[in-house]
4 protein chains.
Amino acid sequence: MWKGRFQQQTAALLQTYSESISYDWRLWPHDIEGSVAHSAALEKAGLLTPQEREAIVKGLQAIGADIETGAFQFRMELEDIHMNIESELTRRIGDPGAKLHTARSRNDQVALDIRLYLRSEVDVLDGLLRELQSALVDLGERNAEVVIPGYTHLQRAQPVYFAHHLLAYVEMLQRDRDRLADCRKRINVMPLGSGAIAGSTILLDRQLVADLLGFPALTRNSMDAVSDRDFAIELLAGLSLVAMHLSRLSEDVILWASSEFHFIVLSDAFTTGSSLMPQKKNHRKQKSSLLAQANAMMTAN
Amino acid sequence: MWKGRFQQQTAALLQTYSESISYDWRLWPHDIEGSVAHSAALEKAGLLTPQEREAIVKGLQAIGADIETGAFQFRMELEDIHMNIESELTRRIGDPGAKLHTARSRNDQVALDIRLYLRSEVDVLDGLLRELQSALVDLGERNAEVVIPGYTHLQRAQPVYFAHHLLAYVEMLQRDRDRLADCRKRINVMPLGSGAIAGSTILLDRQLVADLLGFPALTRNSMDAVSDRDFAIELLAGLSLVAMHLSRLSEDVILWASSEFHFIVLSDAFTTGSSLMPQKKNHRKQKSSLLAQANAMMTAN
Amino acid sequence: MWKGRFQQQTAALLQTYSESISYDWRLWPHDIEGSVAHSAALEKAGLLTPQEREAIVKGLQAIGADIETGAFQFRMELEDIHMNIESELTRRIGDPGAKLHTARSRNDQVALDIRLYLRSEVDVLDGLLRELQSALVDLGERNAEVVIPGYTHLQRAQPVYFAHHLLAYVEMLQRDRDRLADCRKRINVMPLGSGAIAGSTILLDRQLVADLLGFPALTRNSMDAVSDRDFAIELLAGLSLVAMHLSRLSEDVILWASSEFHFIVLSDAFTTGSSLMPQKKNHRKQKSSLLAQANAMMTAN
Amino acid sequence: MWKGRFQQQTAALLQTYSESISYDWRLWPHDIEGSVAHSAALEKAGLLTPQEREAIVKGLQAIGADIETGAFQFRMELEDIHMNIESELTRRIGDPGAKLHTARSRNDQVALDIRLYLRSEVDVLDGLLRELQSALVDLGERNAEVVIPGYTHLQRAQPVYFAHHLLAYVEMLQRDRDRLADCRKRINVMPLGSGAIAGSTILLDRQLVADLLGFPALTRNSMDAVSDRDFAIELLAGLSLVAMHLSRLSEDVILWASSEFHFIVLSDAFTTGSSLMPQKKNHRKQKSSLLAQANAMMTAN
């Protein structure tokens, strides 16, 4: 491809430099989903026959099945997930595969895939946060009568219910979830049809593509649509706040489980020991994991 | 105050260390506004007579007027804006002033003032962003027929309308405004009544305070309410994206105004010269200013 | 100035936008110091007579004295500290003042002033870190027999000397000081002579300027010299590590002073109380201050 | 291991949470190197016989050879690279393998491995930066007579030699290398002997270990030594500056290669095309690669 004007072979070094398949392989279900929807618009525009479209859809599904089982061979010289799938599709079904990229550039395809990917990740994260909230509420209810000191500057200030302390985190996590939901609105916009930068001379039914992919809105400016990654930055900012809240909760657990505070005892199922000091059990704070937090349940002492 | 258990004088060093009046003085209108609302709740609870409340309100308004004219003397030994105003109020009106802090801690007072302050700043920023959008739309309309190259990797790709390029920024700024509006929802929650950490034994009508201050919602957990500054972090994250968009627009202007591109000529009103090279005019990119951007209008060449 | 080619007045808005005097006023001693050295090179090159140079030096010293006493009036329309001083000098001594900017641009003047300023700040910071190290060593010696638990994951692991714990911080601070010293080497290079970007056609004795200002080295490339601010970024990175170490020490103090740990009692001189809870004393962690840390000495309980 | 006091099985979830082998496997050559040196100290202390030590060294070398060929099977339930190697060693050679961890904790072992790893990475990076400097000098020499505009604010200011512009980057990269060298001094300190936190009751010859591993210095405080990762943060800060300089150089190349500037033409070997626009060639800026930069050489137009 891109044989147009080059006299020399693209250097091997540039290939290593340009490839993204080593990390964008994870977009595969979304790339297939997006191409299936795009093929519907191509058919509606008369650029694919129903038979051609059927071949494309079946071909993509077969490729997806192969990726899932690990049978698919990703090739670095094909640079990214988009070229890997498209090239294999054309190898398998011939001409119709080559027509799939009509009226689409990699720029808007990448934008689409990332949006589909992050939309689905946000939903997973939201579910985990909701689970953690439930776990905190449950724990509060099971210890409804327990009173602990409330601290300011780590000096005992006023007694509070243990549950009151836990419910503070439920509030924080609710704001985190609200923030993710707000970010999801800005992720959830369909960019296809933007071309490389200036749209396409072939008019496709963008609304049809959006409907098939569950997008409630369309991007309005092609130059903006192909370059916009604001939603990804916004998501990272939102997740930083999630991480801050989990870190604060972890600090509380660590403090409460110390011999000096001794408010809680961690279950042996969630502690590890020390290679030097066999009498000692540690609890881990190194990596943040929503699930681990949700399950790292403790018994009020 | 805080004479309870101290045997020694608080060291001068600690005072310098503890003071915040040198930067939190700007909260003054919000501190006064919040105290006026709090005094209404105190009156409703029977903790202030109507006469006492009237004295408080008039006293606070007089102090506000003095701060506005510069007649008010801030005192560092009173630490922060809250103590400066409260202490002066008590000096001026006596007993009722001393009663104002009933059922309120500095913790929830600070939380309230910051929320009032940022809510008002968000509204100012949103107005500036809207002005910039209008300026971009106007400029596009005045140059509706102008076509420029569209670039990818700064290589000429496809011709685009100059207006199309400008409208890409209108989209970016709209997302910025939507993001600020979402953040404003989380700022716009009334924390008073949370006490230092565990609420207060004196029940005040929190809804009354919220209504007077225009808050549509109340915080639900006192431990969370006094420590929550998530909204400030979220606002800074949102403003970072605004800054990124303005920087990108500035880059375009700088590029277009270069002799090599020469798409636009900047008005002399918005350029400065060089101390070494009198024939040269510079345009500034050093500091971001919404207003400056909005007005740094250019003529398509 | 810069009247060369402008037909319109520079807009008031641009002035507000372009000014830096509101924060670069603090460079004044370094700007004067740099100009005194530059005038020596101008005299050596025959561009100033000894009389002219003497007038310049005396004029600059008088201005410095006025700034120190607060008598000097900074003017925003003169943009920055460099123009404020130069303009006032010319007003006071006439022609020689106007000659001072010969063979110098604001670009290399700013680079010089920032280097002089940061070099002097680094020395102040290093002294404060050394004082804090001494305080920690003293405290360790006064409590040489005290043993406390050593913790991993905040679980008691092995007993350690209190002094051993304190000396860990002496190590951290020593690395911080070494890092500042390494950064200082890169600050300590003389940029004058770089012009706006491409040097000057007038050859001055750069080594003379460096010697007068105590710089052991000269910058070698004018384009790099006027744009290099790496040293400032490096310094901020180094100070972030200092802040991290002080924050960690503060955490230890806060933990040790809690009723649960109760290893130390903070002096009343370094605590404040609570507006709601008169029986309570707080210790402050909000702002980092080397000096405060150095003096916030504690008594092992 | 760590069977001491646990009544329950460590949960599968915690295992996923605690494991680091999925990313710390890359420490393997350094873990082996460190263990070989540690075994020498154990032998000198009489804790290993020469035969036992020989078995250990041969066993470790065989494991290293297996890892290199891909024959070694990493096991997630063994958590990290240290346990994977130690466990396999004991399986292969029995008792002597189990003795290897005497007088050593994972805490100081991790500290040692990271220092060995980063020291070797710094040396690789320094080599690449030096290569890039050479490439820039070569390019400048090959175009010694070429003059281009020098810009301030992207407005043509003064003519400069193309080589002068390139040499500015040589200066920046030299500072980067100096910074890495300074950081390397702080990486290059031997931590073994610190135990989990408080050293070990078994005295080993730390100087011997340092000599064998090429460390010119020993850590002095065990609490500091096991927790210190300042050097890693400092390295990241230094590499951020490297990335900034490479990004700036890339910007220049992109600008110069535009049709508007047209100062250089990029070799076809280092460009890729567009999927939509076959007449177009792109140059890549997405990922930073020292090597790619060093080779992305251009011909002055």
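These are my notebook entries on a predicted model, taken in the order in which I looked things up.

**Entry 1: chain A overall**

I began with chain A and its secondary structure. I counted 12 helices and 8 strands there. Chain A has 301 residues, and 54% of them count as buried. I then looked up how far apart in sequence the contacting residues are. Of the contacts in chain A with a separation of 6 or more, 74% are between residues 24 or more positions apart.

**Entry 2: A:Arg229**

Next I picked a loop residue in chain A. A:Arg229 sits in the loop between α10 (222–227) and α11 (230–256).

**Entry 3: D:Gln109**

I moved to chain D and looked up D:Gln109. This residue belongs to helix α7 (residues 106–142) of chain D. D:Gln109 has a relative accessible area of 2%; the cut-off for buried is under 20%, so D:Gln109 is buried. Which residues does D:Gln109 touch, not counting those up to four places away in sequence? I noted D:Asp31, D:Ser35, D:His82, D:His101, D:Arg104 and D:Leu192.

**Entry 4: α11 of chain C against α11 of chain D**

Last, I looked at a pair of helices from two chains. Helix α11 of chain C and helix α11 of chain D each cover residues 230–256. Their axes are 11 Å apart, and the packing angle is about 160 degrees. Angles over 145 degrees count as roughly antiparallel, and α11(C) and α11(D) are therefore roughly antiparallel to each other. The crossing of α11(C) past α11(D) is right-handed.

I then listed the residues that meet. From α11(C) they are C:Asp230, C:Ile233, C:Ala237, C:Leu241, C:Met244 and C:His245. From α11(D) they are D:Asp230, D:Ile233, D:Ala237, D:Leu241, D:Met244 and D:His245. How many residues of this contact are nonpolar, polar and charged? I noted 8 nonpolar, 2 polar and 2 charged for the contact of α11(C) with α11(D).

Key: Residues are numbered from 1 along each chain as its sequence is written. Chains are lettered from A and ligands numbered from 1 in the order in which they are written. This is a predicted model: local features need pLDDT of at least 70, side-chain atom pairs count only at pLDDT 80 or more; totals for chains, interfaces and linings use all residues. Side-chain values use heavy atoms; hydrogens and water are left out. Axes are lines fitted to C-alpha atoms, for helices over the stretch in contact, and angles run from 0 to 180 degrees between N-to-C directions. Helices (H or I, at least four residues) and strands (E, at least two) are DSSP runs, numbered from the N terminus. Angles under 35 degrees count as roughly parallel, over 145 as roughly antiparallel, 65 to 115 as roughly perpendicular and the rest as oblique. A crossing is left-handed if the near helix is turned anticlockwise from the far one by less than a right angle, and right-handed if clockwise. Contact means heavy atoms within 4.5 Å. Ala, Val, Leu, Ile, Met, Phe, Trp, Tyr, Cys and Pro count as nonpolar, Asp, Glu, Lys and Arg as charged, and the others, Gly among them, as polar. Buried means under 20% relative accessible area, exposed over 50%, partly exposed in between (1.4 Å probe, protein chains only).
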